[in-house]
Amino acid sequence: MTDFAATRAMFHLPPGMIYLDGNSLGPLPKHALDRMAQVMQDEWGDMLITGWNRAGWMDAPARTGDRIARLIGAEPGSVVMGDTLSIKVFQALAAALDMTPDRRIVLSDSGNFPSDLYMAQGLLASLGRADDLRVVAPEAVADHLTDDVAVLMLTEIDYRTGRKHDMAALTAAAQAKGIVTIWDLAHSAGAVDVDLAACNADFAVGCTYKYLNGGPGAPAFIYVAPRHQATTRPALSGWLGHEAPFAFDLDYRAAPGIDRMRVGTPPILALAALDAALDVWDMTTMADVRAASLALADRFIAGVESQCDMLTLATPRDHAKRGSQVSFRFEHGYAAMQALIDHGVIGDFRAPDIMRFGFTPLFIDESDIDEAVRIVAEVMRGALWDTPKYHKRGKVT
Ligand SMILES: *Cc1c(COP(=O)(O)O)cnc(C)c1O
């Protein structure tokens with residue numbers, strides 16, 4: 001069993017704050033500070049340009065990609081880091097569309113994160129195919145796997161409700177109809193068991209600043225199944241995805257393997273922070289994290305429901321159908337969340353009425369849950385949110 005007291009000790013957790021928002025931005029792993037200082041001083045500072053070779057900067061995207069591959073059941077050499085998740089969605093979709101030239105439709109669901117849908121809209125519009133995105137209700141996806149669908153593009157875990165798709169079943173059903181699949185693992189990587197190889201997934205993408213604690217704006221990842229890598233066409237054909245970047249050829253030739261999904265110069269400092277953050281996974285297993293996170297979430301749900309009948313659970317109760325967050329609906333959810341934050345319980349709000357709380361045993365324990373429940377009950381039962389200062393909206397909710 002994992003020693004979760006030891007993983008918790010790895011993180012900087014400000015006193016007086018119960019941080020239930022690791023699903024949006026993971027906390028700082030303390031040793032990332034030292035790692036950053038070392039990379040900045042010893043590598044950037046002392047090695048300067050020679051760091052690309054001497055410190056192995058050039059291979060950092062694939063090296064860190066392999067560490068993430070282990071957390072999502074991906075084959076070695078099938079994951080590479082870089083850019084933001086939105087960019088990786090674009091790349092995966094462009095590649096998947098290339099594989100299905102005889103079909104038109106990109107199928108997604110209304111529980112997907114808007115940026116994924118926006119990127120699809122932008123790409124399809126550039127291709128003169130603005131009408132080819134079909135967005136259906138999450139429960140209806142299986143019924144819409146029809147012969148005109150080229151690509152099924154879904155986020156496994158709904159950012160609002162925490163509802164979880166059955167990735168293996170939907171991938172198999174889609175592939176049986178000749179549909180290429182793209183899974184967004186933004187709320188899955190580091191939160192739930194994912195086994196891309198066992199699911200026979202085609203493409204996957206995800207970010208690393210949520211459950212992987214890589215820091216604000218940490219680089220995203222993309223997975224391409226080994227069977228597709230040699231034929232995947234990189235639409236964003238930047239020089240670092242070239243077979244020989246330093247040959248400076250005038251014509252693009254894709255690098256063999258996953259490196260072709262690289263675009264430009266990798267963010268070495270951000271990769272260093274992320275790489276340090278991944279060390280915590282050497283102390284635990286995904287199975288331990290998942291089991292403990294469900295137990296924490298169940299404890300929170302039971303506690304809140306027993307005291308706050310004004311809150312309506314929006315997250316499925318069935319363990320198999322949910323991720324690592326718990327969401328409640330409340331008409332004045334924005335103001336209520338501001339009041340909670342003021343009282344030391346940090347969650348977030350997603351329009352129109354979702355109060356969202358994330359649970360990870362890496363740094364949250366049962367006593368945090370009990371204290372959070374006590375504060376939620378105090379704020380909700382006393383309607384402490386019902387004051388003008390909590391209704392004023394910030395730029396980020
Ligand atoms: C968090 C999240 C994003 C954010 O994309 P960025 O490009 O990293 O800003 C995109 N898609 C999903 C599903 C997310 O959960």
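Okay, let's start with a helix pair: helix H4, residues 60-71, packs with H10 at an angle of about 25 degrees, and their axes are 11 Å apart. That makes H4 roughly parallel to H10, since angles under 35 degrees count as roughly parallel. One thing to keep in mind while I talk: this is a predicted model.

So which residues of H4 and H10 meet? On the H4 side you've got Ala-60, Pro-61, Thr-64, Arg-67 and Ile-68, and facing them in H10 are Ile-268, Leu-271, Leu-274 and Asp-275. Sort the residues of that contact by class and you get six nonpolar, one polar and two charged. As for handedness, the crossing of H4 and H10 is left-handed.

Next up, helix H13, which gives us two packing partners to talk about. Take H11 to begin with. Helix H11 covers residues 286-307, and its axis comes within 9 Å of the axis of H13, with the two crossing at roughly 25 degrees. H11 and H13 are therefore roughly parallel to each other. The crossing of H11 and H13 is right-handed. From H11, the contact uses Leu-296, Arg-299, Phe-300, Gly-303, Val-304 and Gln-307, and from H13 it uses Glu-366, Ile-369, Asp-370, Ala-372, Val-373, Val-376, Ala-377 and Arg-381. Split by class, the contact of H11 with H13 has eight nonpolar, two polar and four charged residues.

Let me stay on Arg-299 for a second, which sits in helix H11. Buried or exposed, or in between, for Arg-299? Its relative accessibility is 34%, so Arg-299 counts as partly exposed. If you ignore neighbours within four places in sequence, Arg-299 is in contact with Glu-366, Ile-369 and Asp-370. And here's a distance for you: Arg-299 and His-332 are 33 residues apart along the chain, and their C-alpha atoms are separated by 24 Å.

Now the other partner of H13. Helix H12, residues 333-342, packs with helix H13, residues 366-381, at an angle of about 130 degrees, and the axes are 10 Å apart. H12 and H13 are therefore oblique to each other. Who makes that contact? From H12 it's Ala-336, Ala-339 and Leu-340, and from H13 it's Ile-375, Val-376, Val-379 and Met-380. By class, that contact of H12 with H13 comes out as seven nonpolar residues, with no polar and no charged ones. The crossing of H12 and H13 is right-handed.

Let's move to helix H7, residues 167-176. The buried residues there are Met-167, Leu-170, Thr-171 and Ala-174. Looking down the axis of H7, those buried residues fall within an arc of 100 degrees, so they line one face of the helix. What do the buried residues of H7 pack against? They pack against strand E7 (149-155), strand E8 (180-184) and helix H8 (196-199). After H7 comes Gly-178, with a positive phi near 80 degrees.

Most residues other than glycine have a negative phi, and most peptide bonds are trans. With that in mind, look at Asn-200, which is not a glycine but has a positive phi of about 60 degrees. Asn-200 is in the loop between H8 and strand E9 (203-206), and at 35% relative accessibility it counts as partly exposed. Then there's Phe-248, also not a glycine, with a positive phi near 50 degrees. You'll find Phe-248 in the loop between helix H9 (226-229) and helix H10 (268-277), and it is exposed, with a relative accessible area of 55%.

Where is the cis peptide bond? It runs from Ala-351 to Pro-352, with omega near 5 degrees. Pro-352 lies in the loop between strand E14 (348-350) and strand E15 (354-358).

Last stop: Val-263, found in the loop between H9 and H10. Not counting residues up to four places away in sequence, Val-263 touches Asp-83, Lys-88, Gln-91, Leu-236, Gly-238, Trp-239, Leu-240 and Gly-241. Val-263 and Ile-49 are 214 residues apart in sequence, and from C-alpha to C-alpha they are 19 Å apart in space. Okay, over to you.

Definitions and conventions. Residues are numbered from 1 along each chain as its sequence is written. This is a predicted model: local features need pLDDT of at least 70, side-chain atom pairs count only at pLDDT 80 or more; totals for chains, interfaces and linings use all residues. Side-chain values use heavy atoms; hydrogens and water are left out. Axes are lines fitted to C-alpha atoms, for helices over the stretch in contact, and angles run from 0 to 180 degrees between N-to-C directions. Helices (H or I, at least four residues) and strands (E, at least two) are DSSP runs, numbered from the N terminus. Angles under 35 degrees count as roughly parallel, over 145 as roughly antiparallel, 65 to 115 as roughly perpendicular and the rest as oblique. A crossing is left-handed if the near helix is turned anticlockwise from the far one by less than a right angle, and right-handed if clockwise. Contact means heavy atoms within 4.5 Å. Ala, Val, Leu, Ile, Met, Phe, Trp, Tyr, Cys and Pro count as nonpolar, Asp, Glu, Lys and Arg as charged, and the others, Gly among them, as polar. Buried means under 20% relative accessible area, exposed over 50%, partly exposed in between (1.4 Å probe, protein chains only). The arc is that of the directions from the helix axis to the C-beta atoms.
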